[in-house]
2 protein chains.
Amino acid sequence: VEVVVVSDDGHTGAFDHLFTAAVRDGLGEEGYGSWRSIDEPDAVSLSFGFPYPESFPHEELVAAAEAVFEAEHDTALQYGGGDYADRLVETVAERERRRGIDCGPENVLLTNGATHAIDVVCHTFLERGDEVFVEAPTFMGSLKLFGNYGVEVTGFENDADGLRVDAVAAELERREDAGEATPKLLYTIPTFQNPTGTTLSRERRERLVELAEAHDFVVLEDDAYGALRYDGADLPPLAALDGSGRVVRTNTFSKTVAPGVRSGWVLGDEELLEEVTRMRAGGTNTFTQSVLGYYCTEGPFEENVAELRTRYAERRDHMLDCLEEHMPPAAEWTEPDGGFFVWVTLPEAVDTEELLPRAAEEGVTYLPGELFFPDDRGRNCLRLSFSHVSPGEMDRGVAALARATRSAMAGD
Amino acid sequence: VEVVVVSDDGHTGAFDHLFTAAVRDGLGEEGYGSWRSIDEPDAVSLSFGFPYPESFPHEELVAAAEAVFEAEHDTALQYGGGDYADRLVETVAERERRRGIDCGPENVLLTNGATHAIDVVCHTFLERGDEVFVEAPTFMGSLKLFGNYGVEVTGFENDADGLRVDAVAAELERREDAGEATPKLLYTIPTFQNPTGTTLSRERRERLVELAEAHDFVVLEDDAYGALRYDGADLPPLAALDGSGRVVRTNTFSKTVAPGVRSGWVLGDEELLEEVTRMRAGGTNTFTQSVLGYYCTEGPFEENVAELRTRYAERRDHMLDCLEEHMPPAAEWTEPDGGFFVWVTLPEAVDTEELLPRAAEEGVTYLPGELFFPDDRGRNCLRLSFSHVSPGEMDRGVAALARATRSAMAGD
């Protein structure tokens, strides 16, 4: 008789010894996307970076599919795809050149979305025991992903000008003086950061690229929100300032077309990209890529992105107005020039994870701050998304958050 | 002045020390898909497992996209997708149940194609230094993929009844007696194997599943061709014979819909799948999944697969006729009951990689046998695909192969 001990969550452990060490380390932890459970059906969700549904270019994509299949009957659905899939690569390179990056199609590797892009870069560089530097807070999905590789993650503070590059420099110098190991990779979202909405200053960008070369690490620049600027002038991406090939850049069409098209890319030095390509393995979705290739070159992609900027700017403004109107004076929040998010800091005594059930009862959900930290910071912070809900819902949601906050502050 | 040594292929090595050990081991090796360079534009390509272009359901997919967007305006392109993406999961589970596997939607994880499915299983189980058992020959893409994880690959012979499970059993017993390590994973394509076209017998299937339990390894069952049977009765998949949850199964719509839809799945024990899901990270393509969900449940998917079986059976028959007609008596080949491939064995003295340029000159390309082995076997073998070219081209291609073979045998 074999006795299998089943834990409360149904985990028998029958296969545990066969998993990698990184998987075993994470057993019992919730995986990528587990934060989805935070939404309550009756509450206004300010939780997720979902585009608003009216933004999806349904008709344009159907028209693109028809045109592509008409033109590329033999190749669009075949391995490797046809000319429109190639055009997508060229369009990506051309748009990146407009951002000031010296690149061509040979520097672009299409992926199944931004997380897949980050994943293949991790697969190329990271082994168990390696270390990654990040902004703290940073995108919770990337933190989960780094966990899959069994690496240490060290977080550095953000301020209104983004990552405190001076703190990174000081730590690198301290370590080198002490003969300690420096990290292999620094992951950053320099523009309209997730979750804070802040943007890394020009000066810090230049300094960060210098540090990468001086201290021999790779910078992974996640630019998922970079195309969605509502105020001010574009700053050069890190990849545009880099002369050493150490900046690897990832991006996605999830915010400029739709999450469902699940298409992104890695941009990098050709020699480095060769190895990333090798580690990607398998093909990508030429159906979607062809449709996007058509939509981006012969469809109204640029006009639609311009429209998105206008609409998201209105939402951003409305979110800031709602916060100003409803929140208690002790609360603070960021004022992003682009992207989807506002980062709210409540008084130290308020724990945003403990607050969440009460907030949901009042009629709103959000993501608690601690999800975005590799350590236990951020407990009095939370992320709000202004991308998804209607202005009226936003108003109701922020009012509910304010009520919950006031009652927590009052010690109710 | 910094001196950078550039090798003949332009590789400077500037980043080599930052790559993982597995990437460093593979530097200079060609990556996934490098076999694509084997085609010559003027020759008939019998190289690749490409579906024939007339098989692509263009109109059905456009109609599906229209219907899905009409019904799911808010969700089809959003993170997570809508009902049609869910229906795809249910359809997969239902089709797998019809194959005799006890499963539901909770056992299915959608992926970006079969190679992605195999990749996430590898990511969950394999670390540098682990070992994988495979059939030899086996799918060259999977061999490349295993290389990305820095594992040892040990190949066991195939015969007309598939993998020599007796040889696997003997090696496992020998190792346990000698106190040597046994592998963590055995990768197999039991049905219409790539590249040989052979099918594992019922008896060997049962024995293999017993071995996995007795010797504590996971079986990765790649069933990419399983739906395309032209003769005989279906055999139960390994997953249908397994009572221990040790069989993880991967599959794809690349051969039953089109490669461009880049959609596949992992099927497995729920507890095990939880960790595979965690290692997948990131979303999948809900645009394509919704379109497939519609096409598979309300579109003519089943009828089209039945039609594919008829058309591929004709192609398989024609390929065997061509071989019979043209090839010298010293050549041997497999006679597959399904799938896309015939495996040809030439006399020992003929090296199929050396033969390839001459064959291309005569007017045909194929994949040399050694691509499919983890070691240096297979030099007198080659794979032919009957899936892609027209019957007339197939005839010309096999005639060209026969001419090249005869002249190599004659020592020209």
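Which residues does B:Tyr295 touch, not counting residues up to four places away in sequence? The tour of this predicted model begins with that residue.

**First stop: B:Tyr295**

Select B:Tyr295, which lies in helix 10 (residues 286-297) of chain B. Its contacts are B:Pro57, B:Glu60, B:Leu61, B:Ala64, B:Val257, B:Pro300, B:Phe301 and B:Asn304, leaving aside residues up to four places away in sequence. With a relative accessible area of 1%, B:Tyr295 is buried, because the cut-off for that term is under 20%. Next, display B:Pro57 together with B:Tyr295: the two are 238 residues apart in sequence, yet their C-alpha atoms are 9.5 Å apart in space.

**Second stop: the nonpolar core**

Now select B:Phe253. Beyond residues up to four places away in sequence, B:Phe253 touches B:Leu88, B:Val92, B:Ala258, B:Val261, B:Ser263, B:Trp265, B:Leu292, B:Cys296 and B:Phe301. B:Phe301 was also listed among the contacts of B:Tyr295. The largest nonpolar core has 100 residues, and A:Phe253 and B:Phe253 are those with the most contacts inside it.

Select residues 58-71 in chain A and in chain B, which form helix 2 of each chain. The two helices pack with their axes 10 Å apart, at an angle of about 175°. Helix 2 of chain A and helix 2 of chain B are therefore roughly antiparallel, as angles over 145 degrees are so described. On the chain A side, show A:His58, A:Leu61, A:Val62, A:Ala65, A:Glu66 and A:Phe69; these meet B:His58, B:Leu61, B:Val62, B:Ala65, B:Glu66 and B:Phe69 of chain B.

Move to helix 6 (residues 165-178) and helix 7 (residues 202-215) of chain A, whose axes are 10 Å apart and form an angle of about 20°. Helix 6 of chain A and helix 7 of chain A are therefore roughly parallel to each other, and their crossing is left-handed. Helix 6 contributes A:Val165, A:Val168, A:Ala169, A:Leu172, A:Glu173 and A:Glu176 to the contact, while helix 7 contributes A:Arg204, A:Arg207, A:Leu208, A:Leu211 and A:His215. The classes here are 6 nonpolar, 1 polar and 4 charged residues.

Select residues 114-125 and residues 140-148 of chain A, which are helix 4 and helix 5. Their axes come within 10 Å and cross at roughly 30°. That angle makes helix 4 of chain A roughly parallel to helix 5 of chain A. The crossing of these two helices is right-handed. From helix 4, the residues in contact are A:Thr115, A:Ile118, A:Asp119 and A:Cys122; from helix 5, they are A:Ser142, A:Leu145 and A:Phe146. This contact has 4 nonpolar, 2 polar and 1 charged residues.

Turn to residues 140-148 of chain B. Is this helix 5 mostly covered or mostly uncovered? Helix 5 of chain B is mostly covered, with 7 of its 9 residues buried. Those residues are B:Met140, B:Gly141, B:Ser142, B:Leu143, B:Leu145, B:Phe146 and B:Asn148. Following the helix is B:Gly150, which has a positive phi near 65°.

**Last stop: B:Gly26**

Finally, select B:Gly26 in helix 1 (residues 21-26) of chain B. B:Gly26 counts as buried, at 5% relative accessibility. Between B:Gly26 and B:Ala136, the C-alpha to C-alpha separation is 21 Å, and the two are 110 residues apart in sequence.

Definitions and conventions. Residues are numbered from 1 along each chain as its sequence is written. Chains are lettered from A and ligands numbered from 1 in the order in which they are written. This is a predicted model: local features need pLDDT of at least 70, side-chain atom pairs count only at pLDDT 80 or more; totals for chains, interfaces and linings use all residues. Side-chain values use heavy atoms; hydrogens and water are left out. Axes are lines fitted to C-alpha atoms, for helices over the stretch in contact, and angles run from 0 to 180 degrees between N-to-C directions. Helices (H or I, at least four residues) and strands (E, at least two) are DSSP runs, numbered from the N terminus. Angles under 35 degrees count as roughly parallel, over 145 as roughly antiparallel, 65 to 115 as roughly perpendicular and the rest as oblique. A crossing is left-handed if the near helix is turned anticlockwise from the far one by less than a right angle, and right-handed if clockwise. Contact means heavy atoms within 4.5 Å. Ala, Val, Leu, Ile, Met, Phe, Trp, Tyr, Cys and Pro count as nonpolar, Asp, Glu, Lys and Arg as charged, and the others, Gly among them, as polar. A nonpolar core is a set of buried Ala, Val, Leu, Ile, Met, Phe, Trp, Tyr and Cys residues joined through side-chain atoms within 4.5 Å. Buried means under 20% relative accessible area, exposed over 50%, partly exposed in between (1.4 Å probe, protein chains only).
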